[in-house]
Amino acid sequence: MLDRDHSILAFNERVFDWARRPDVPLIERLRYLCIVSSNLDEFFEVRAAPHLLAYLAGDQKGDYSVETFQRLSQSAHALVASQYQLYNEQLMPTFGANGIQIISHGERNPAQRKWVQDYFEREVRPLLVPVGLDPAHPFPQVANKSLNFIVRLGGVDAFGRSNPIAIVKLPRVVPRIVRMPARVSGGKTLFVALSSIVRAHLQSMFPGREVGEFSQFRVTRHSDLAVDEEDVKNLRTALRKGLEHRHYGRAVRLEVSSSCAEPLANFLLAQFDLPPESLFRVHGPVNLARLTQMIDLLDEPQLLFPPYQPSYPVTLSPSQSFFERLQRGDVLIHQPFESFDGVLAFLREAVHDPQVLAIKQTIYRTGPESELMDLLREAVRRGKEVTVVVELKARFDEEANINWAERLESIGAQVLYGVVGLKTHAKMLLVTRREGRRLVRYGHLSTGNYNPRTARLYTDISHLTADAQLTSDMDAVFVHLASQVQLPKLGRMWVAPFDLHGNLVARIDALGTAAAKGVPTRIVAKMNALTDEPLIEALVRASQKGLRIDLIVRGACMLAAQVPGHTGNIRVRSVIGRFLEHSRVFYFREGEDESLYLSSADWMSRNMMRRVELAWPVTDPSLRQRLIDECLVAYLHDGRDAWEQGADGTYQRVLRDTHAGEDGASRAIEAHGAQSALMGRYGLRGSRP
C-alpha cells in the first residue's frame, strides 16, 4: 500500500502544477497557488497531529512514528518552498509587468505612505492591543491561522522593567490585502498587505521603547472536532460548544518570515511545544491563501479564464412540469457543464405545487446562504411536511449546518441529525405528490452536495427519477434515518455501512473469477480517493486473474498500479482540471452485461463503515451510455490534464492520449482535456434549451 498522507501531498503537487502552467491565465495561476495553500492548511489541521505526537513521544514503529513525521515534514517543506519560489520569481514579476503590484513600505512614495498611515490610524490601530510579556501578561492565546507579530523591544517599560518580548495580534475583521485608491496609484493597480501596514507602524505602538527584531507569525492548530456522540444528550449543543474551542487546538505548524531571528523563532517553537521541523520560514506573506482577497479586487478579465455559462439541462424544458417529464423517463444533469438551476427548479416546483404533500432531504454542505434552504422553509410555511436530515458533523461546515437546523426547526420542519456515530453523507431529495387516488414519489439523487456555489465549481451528476423501486428505496433510507429501525432489503440501492462495501467487494471478486475463465471483463471506477484496504486487496486479486481495471482517482490513492507481476492490469490516473472532479461513477462489465452505479461514496474506510452513503444503478441504456462517454471514456483519453501513476507510486503528467489504440482515442498529437471537451460540447447549447 502507498502511504495515504504522502498521497494527499502528491495530489497537491498536481494541483500546484496548474499554478506553474504558462498556458493558464495569470490570475488563475495565483488562484491555484491559493488553493494549494488552503489545502495544506486543512492537511495540517486534520492529518498532522498524530505524526507530530508520535515524533514527540519518540515512537519508532506503527502508522505514526518519528520517521513518518520526518518524511511528511520534508515533503511539506519542499512543496511550500516551491510555492514561494513560484510566487516570488514568476507570478509577482508577471503581475508587475501587467501593472499590478503588492507594494512594500520601501517602494511606497510619500503620498502612498501618507495614505497607508491614514488607513492604519483609521482602520487598524483602534483594533490593536499590543501585549508586552511578563509574569502578569503571559503569552496570549493565538487563534488558529491568525496573523500575528512578535517584537523584541529595547529599553524599559513605564515601570522601569526590561520585558523584551511583545506580541501584536492582528484583527481578523481587517482585510489582509487592501487596494490603494487611484489618486495615489500612479496609473497602476496597487495593493498593500495588512502585515506591511502594521510592520511600518510597529515603532508607533511602543512609544519610549526601541523596536528591534520582529517577525510576522502564524500557527496552525489541530482542528478536527472530536465529540463522543454516545455520551452527549444533545449533539447540536455539544458541537456548538466544541466550535468555541476549535481555534485553540494543539499547535502543529508554525510559519514565520524568512528573516525571523533565530532567538524569536526558538521562543515561538518553545511556546507552542513544536520541534524545529514544524517551523516554516517563508519568503512572503505567511498566508498565501488570503491572496484570494486580491483576486476578488481585480477587474482584469483578460487575466482570467474565459467565463463559462452552463447550459440549461439539455433534457429539460423550463416550460414543462418536472412531474410530467419524469413520468416519461429519468433525467441526468452533468454539473457544472449543465446548470444546477435544474435541481433548484425541481424543488421550486415541488414547493409551489399544491398536490405535493411532503418533501424529504439530506443536507451535508450547503453554505451560509442558500436558495435551496430558503425553499425548504417556504415549503413549511405552505403547510407541507418537510423532513430534513442535517449532518452537523460535516467538517468545517458545522456552524452553518447548525444555524440552518435551528432556522428550520424554528418554523416547524422536522429536523434530524442522522445516526449516532455515523455521518450522513448520502445526497437525496424525495418529493411525495398526490395524483388522483395515488401518492407518487419523485426523487433526486446526487454524487455531490446541495450547494449552488460549489455546483458551479465541482463536477457532479444529478439524477432525477420517478422510478418506483428507486424512490421506494430512498423512502426506506429516510425512514431508517428517522426511526433507526432496521433497513429493509432494498430493490436497487446499496447503502453504507450495511451492504455497499460488501457488494463492491463481491462484484469485484465475481468479475475476477469471470476473467480467469476467459470472459471479457472490465472495471472503470471514478472517485475522489481510494484508501480502503479490503477494496484495494479485492482489486489486486481480480487484476491478477486477468481483470482489466482503470481507476480515475482525483486525490489520495493507496493502490500501487502497474507493478509487474502484481498490479500490471491496473492503471491509475488522476485528472486535475479547471473544475474540481467530484463525481463517483463505477462501471462493471462481464461479457455483454454492463452495469453502472453512481454514488456519494469514495472508496475509503470512513465512507464504507462510518457514514451513511448510497450507490444506485443507472438502468436506462441511453443514460448509462452517456455517463460512460462523458465521465469515463473522456477521462481515460484525457491527454492534457491527466496524470498517470507509475509503478513507483509517483505521477507523471500525460501530454498525449495514452489509450491511443482503443475506441474513442484522439488522433491529435496532443489529445484533448476531458473538461474542456465537455465545456465545448455543452457550451454550444447555450444557457437555454
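Guide: In this predicted model, the axes of helix α16, which spans residues 500-516, and helix α17, which spans residues 533-544, come within 8 Å and cross at roughly 10°. Because angles under 35 degrees count as roughly parallel, α16 and α17 are roughly parallel to each other. From α16 the contact takes H501, L504, V505, I508, D509 and G512, and these meet P534, L535, A538, L539, R541 and A542 in α17. The residues of this contact divide into eight nonpolar, two polar and two charged. As for the spacing along each helix, an α-helix has 3.6 residues a turn, so residues three or four places apart point the same way.

A496 and P497 are joined by a cis peptide bond, with omega at about 10°, and P497 lies in the loop between β18 (494-496) and α16. With a relative accessible area of 48%, Q484 is partly exposed.

The peptide bond from Q335 to P336 is cis, with omega near 0°, and P336 has its place in the loop between β10 (331-335) and α12 (341-352). Q562, which is not a glycine, has a positive phi of about 60°, and it sits in the loop between β20 (548-553) and β21 (570-575). At 34% relative accessibility, Q562 counts as partly exposed. A positive phi, near 75°, is also found at G58, the residue that follows α3.

Helix α3 itself, residues 49-57, has A49, H51, L52, A54 and Y55 as its buried residues. What covers these buried residues includes α1 (4-20), α2 (26-47), α4 and β8 (251-257).

The elements that give two or more residues to the lining are α4 (66-97), β1 (100-102), α6 (194-199) and β7 (210-221). By class, the lining has 13 nonpolar, 13 polar and two charged residues.

T424 is found in strand β14, which covers residues 423-424, and at 2% relative accessibility T424 counts as buried, because buried means under 20% relative accessible area. T424 and F149 are 275 residues apart in sequence, and 41 Å separates them in space, C-alpha to C-alpha.

To return to the part you asked about, the contact of α16 with α17 joins two helices that are roughly parallel to each other, with eight nonpolar, two polar and two charged residues taking part, and the loop between β18 and α16 holds P497, whose peptide bond with A496 is cis.

Terms used: Residues numbered from 1 in each chain as written. Predicted model: local features only at pLDDT ≥ 70, side-chain atom pairs only at ≥ 80, totals over all residues. Heavy atoms only, no water. Axes fitted to C-alpha atoms, helices over the stretch in contact; angles between N-to-C directions. Helix = DSSP H or I, 4+ residues; strand = E, 2+ residues; numbered from the N terminus. Parallel < 35°, antiparallel > 145°, perpendicular 65-115°, else oblique. Contact = heavy atoms within 4.5 Å. Nonpolar A, V, L, I, M, F, W, Y, C, P; charged D, E, K, R; others polar. Buried < 20%, exposed > 50% of the residue type's maximum accessible area, 1.4 Å probe, protein only.
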